[in-house]
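Please look over the sequence and the model before reading on.

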Amino acid sequence: MKPAEQQRLQKRMKDWAALTPEQRQAARDRYRELKKLTPEQRREMSKQWQTYRRSLAQPETQFDPPVGEPITPGAAPAPAPSAEQQ
């Protein structure tokens with residue numbers, strides 16, 4: 001295996017080992033259910049998953065930083081003045 005593949009496998013094994021027995025059983029059950037899906041249902045679920053992952057990378061508003069981008073103190077834009085302050 002390539003070093004990157006080894007690291008990925010080790011991380012996944014570590015993550016699995018950290019799960020509670022209930023979480024492991026839930027993952028096994030979910031896996032069994034996913035295996036029952038038709039190829040078309042799998043493609044649709046894959047599309048939905050990709051859409052979800054892309055949405056995580058997009059800021060919800062112009063003031064939210066993208067996921068993974070560090071927030072630096074004082075870098076946020078000043079709030080707009082409200083009608084009460086005028």
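D29 is partly exposed, at a relative accessible area of 34%, where partly exposed covers the range between buried (under 20%) and exposed (over 50%), as judged with a 1.4 Å probe and protein chains only. This is a predicted model, in which local features need pLDDT of at least 70 and side-chain atom pairs count only at pLDDT 80 or more, while totals for chains, interfaces and linings use all residues. Residues are numbered from 1 along each chain as its sequence is written, and side-chain values use heavy atoms, with hydrogens and water left out.

The partner of D29 in a salt bridge (a side-chain nitrogen of Lys or Arg within 4 Å of a carboxyl oxygen of Asp or Glu) is R32, which is likewise partly exposed, at 44%. R32 and D29 sit three residues apart in helix α2 (residues 21-35), about one helical turn; helices here are DSSP runs of H or I with at least four residues, numbered from the N terminus.

By this rule there are four salt bridges, among them the following.

| Salt bridge | Closest N to O distance |
|---|---|
| D15 and K11 | 2.7 Å |
| R32 and D29 | 2.9 Å |

D15 and K11 both belong to helix α1 and are four residues apart, about one turn of the helix, and D15 is partly exposed at 37% relative accessibility.

Key:
Helices (H or I, at least four residues) and strands (E, at least two) are DSSP runs, numbered from the N terminus.
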